[in-house]
Amino acid sequence: MKTILLTGAAGFIGSNTASALLDRGDVVIGVDNLNDYYDPARKQSNLEEVRAGAPDPSNFVFYESDIRDEAAMEAIFAEHEPESIIHLAAMAGVRASMDDPRLYFDVKPFHGDAANHNTRRRIETAPPKSSRAKACWNSSAVR
Ligand SMILES: NC(=O)c1ccc[n+]([C@@H]2O[C@H](COP(=O)([O-])OP(=O)(O)OC[C@H]3O[C@@H](n4cnc5c(N)ncnc54)[C@H](O)[C@@H]3O)[C@@H](O)[C@H]2O)c1
């Protein structure tokens, strides 16, 4: 059993990832700001499906929070000390990048500068108390 921080947990890929991890017995700490890039009701519904399908719903902890909120992320890391991070929070798709390029760059992992700094730093330095720390992120964001 591992404790895994999952950003973008209410999204399409994030929610399916959460379910897969819970099925295999991991503890999932989900973070998502439930923004309105598409209908937030869809994201709430994704979260309900994750909870309903979880063998042990108490293994799913969800924070409605923005990954750019450094204080909030710091508190989450301190509280849960995740062994692994799966970074899927993003403004997915080309429309977001056309309408608001700054936002797109801020949220996409490893593209933002000051914004997204905390998650990025944590991934780069690895969570404390773990020699098996792993991180992965969505493929479309790698450069
Ligand atoms: N869906 C696909 O077929 C596909 C294919 C290849 C790569 N990807 C990549 O995988 C990633 C996830 O895609 P998806 O389809 O699940 O998108 P999605 O929009 O359904 O999920 C992304 C989630 O991130 C959240 N989010 C955005 N900004 C945030 C912030 N600042 N703080 C916290 N949460 C935030 C959103 O609310 C959303 O729930 C994207 O980077 C996408 O480009 C998706």
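The axes of α1 and α2 come within 9 Å and cross at roughly 5°, so α1 is roughly parallel to α2. Axes here are lines fitted to C-alpha atoms, for helices over the stretch in contact, with angles running from 0 to 180 degrees between N-to-C directions. Angles under 35 degrees count as roughly parallel, over 145 as roughly antiparallel, 65 to 115 as roughly perpendicular and the rest as oblique. From α1, the residues S15, A18 and S19 make the contact, and from α2 they are N46, L47, E49, V50 and G53. Sorted by class, this contact has three nonpolar, four polar and one charged residues. (Ala, Val, Leu, Ile, Met, Phe, Trp, Tyr, Cys and Pro count as nonpolar, Asp, Glu, Lys and Arg as charged, and the others, Gly among them, as polar.) Two residues are in contact if their C-beta atoms, placed from the backbone, lie within 7 Å.

Please keep in mind that this is a predicted model, in which local features need pLDDT of at least 70, side-chain atom pairs count only at pLDDT 80 or more, and totals for chains, interfaces and linings use all residues. Residues are numbered from 1 along each chain as its sequence is written.

Now to the fold. The protein has six helices and five strands, arranged along the sequence as β-α-β-α-β-α-β-α-α-α-β. Helices (H or I, at least four residues) and strands (E, at least two) are DSSP runs, numbered from the N terminus. Of the contacts with a separation of 6 or more, 69% are between residues 24 or more positions apart.

Buried residues make up 34% of the 143 residues. A residue is buried if 20 or more other C-beta atoms lie within 10 Å of its own, exposed if 12 or fewer, and partly exposed in between. The largest nonpolar core has 26 residues, and I4, L6, A18, V28 and V31 have the most contacts inside it. Such a core is a set of buried Ala, Val, Leu, Ile, Met, Phe, Trp, Tyr and Cys residues joined through C-beta atoms within 7 Å. Elements giving two or more residues to this core include β1 (3-7), α1 (12-23), β2 (27-32) and α5 (101-107). Leaving aside neighbours within four places in sequence, V28 is in contact with I4, L6, A18, L21, L22, N59 and F60.

T3, in strand β1, is partly exposed because it has 17 C-beta neighbours inside 10 Å. T3 and P82 are 79 residues apart in sequence, yet 4.9 Å apart in space, C-alpha to C-alpha. Beyond four places in sequence, T3 touches V27, I29, H80, E81, P82 and E83.

Most residues other than glycine have a negative phi.

How far can you trust the coordinates? The mean pLDDT, the predictor's confidence in each residue from 0 to 100, is 82, and 74% of residues reach 70 or more. Over residues 110-116, pLDDT stays under 50, and the model has 15 contacts beyond four places in sequence for that stretch. Where pLDDT is low, the predicted coordinates should not be read in detail.
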